Amino acid sequence: MLHAAEKSATAIGVPQCIAIVDAGGDLLAFSRMDCARPGSIEIAITKARSAARRRRATADEVGGDMLATVRLGLASQLNVTGIGGGLPIVVEGQTIGGIGVSSGTSDEDTIVANAGIAALVGV
């Protein structure tokens, strides 16, 4: 998953921070590509944890409302986010983890996250 996500990031020309967590939100794998923003490290991990624990895409949390995204982050002590780029990893109907990507736009982050999931589920 990690290598497929890195390959996708390279293809779109956006170096990324990529985090993969298990269903409980514990970090399994992480990559910070050359030139990816250091400030995106924690954001990628939070996106992955949020997607895994809440079992939904981070972009679906608050419907794009940035004020609600800030409130959600504060209320969860920065453990949940509504910023796009985090996706649950679902296999045979079971959420087994999450992938979070940060350093590009939300759309770029989501493209890279989807590439990682596609490598696992064979889409």
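Asp-109 and Lys-47 form a salt bridge, with the closest N and O atoms 2.9 Å apart. A salt bridge here is a side-chain nitrogen of Lys or Arg within 4 Å of a carboxyl oxygen of Asp or Glu. Asp-109 lies in helix 4 and Lys-47 in helix 2, so the pair ties together parts that are 62 residues apart in sequence. Helices are DSSP runs (H or I, at least four residues), numbered from the N terminus.

This is a predicted model: local features need pLDDT of at least 70, side-chain atom pairs count only at pLDDT 80 or more, and totals for chains, interfaces and linings use all residues. Residues are numbered from 1 along each chain as its sequence is written, and side-chain values use heavy atoms, with hydrogens and water left out.

**Salt bridges**

- The count comes to three salt bridges.
- Asp-109 and Lys-47 are both buried. Buried means under 20% relative accessible area, exposed over 50%, and partly exposed in between (1.4 Å probe, protein chains only).
- Glu-61 pairs with Arg-54, the closest N and O atoms being 3.0 Å apart.
- Glu-61 also meets Arg-56 in a salt bridge (2.9 Å, N to O).
- Shared partners join Arg-54, Arg-56 and Glu-61 into one network.
- Glu-61 is buried at 13% relative accessible area. Arg-54 is partly exposed at 36%, and Arg-56 is partly exposed at 35%.

**Largest pocket**

- The largest pocket holds about 220 Å³ of space. A pocket is an open set of points on a 1 Å grid over the protein atoms alone, where a 1.4 Å probe fits, with protein on both sides within 12 Å along at least five of seven lines. Points are joined across faces, edges and corners, and the volume is the space filled by probe spheres set on them.
- Lining residues (an atom within 4 Å of a point) include Glu-42, Thr-46, Met-66, Val-70 and Ile-83.
- Helix 2 (40-54) and helix 3 (66-75) are the elements that give two or more residues to this lining.
- Helix 3 supplies the largest share, four residues.
- By class, the lining has six nonpolar, four polar and one charged residues.

**Surface patch**

- Val-91, Ile-96, Leu-120 and Val-121 form a nonpolar surface patch with about 280 Å² of accessible area together. Patch residues have over 30% relative accessible area and no salt bridge, and nonpolar side chains are joined within 5 Å. Areas come from the Shrake-Rupley method with a 1.4 Å probe.
- Val-121 sits in helix 4 (residues 106-121). Val-121 is partly exposed, at 38% relative accessibility.

Methods: Patch = residues over 30% accessible without salt bridge, like charges linked within 9 Å, V, L, I, M, F, W, Y side chains within 5 Å. Nonpolar A, V, L, I, M, F, W, Y, C, P; charged D, E, K, R; others polar.
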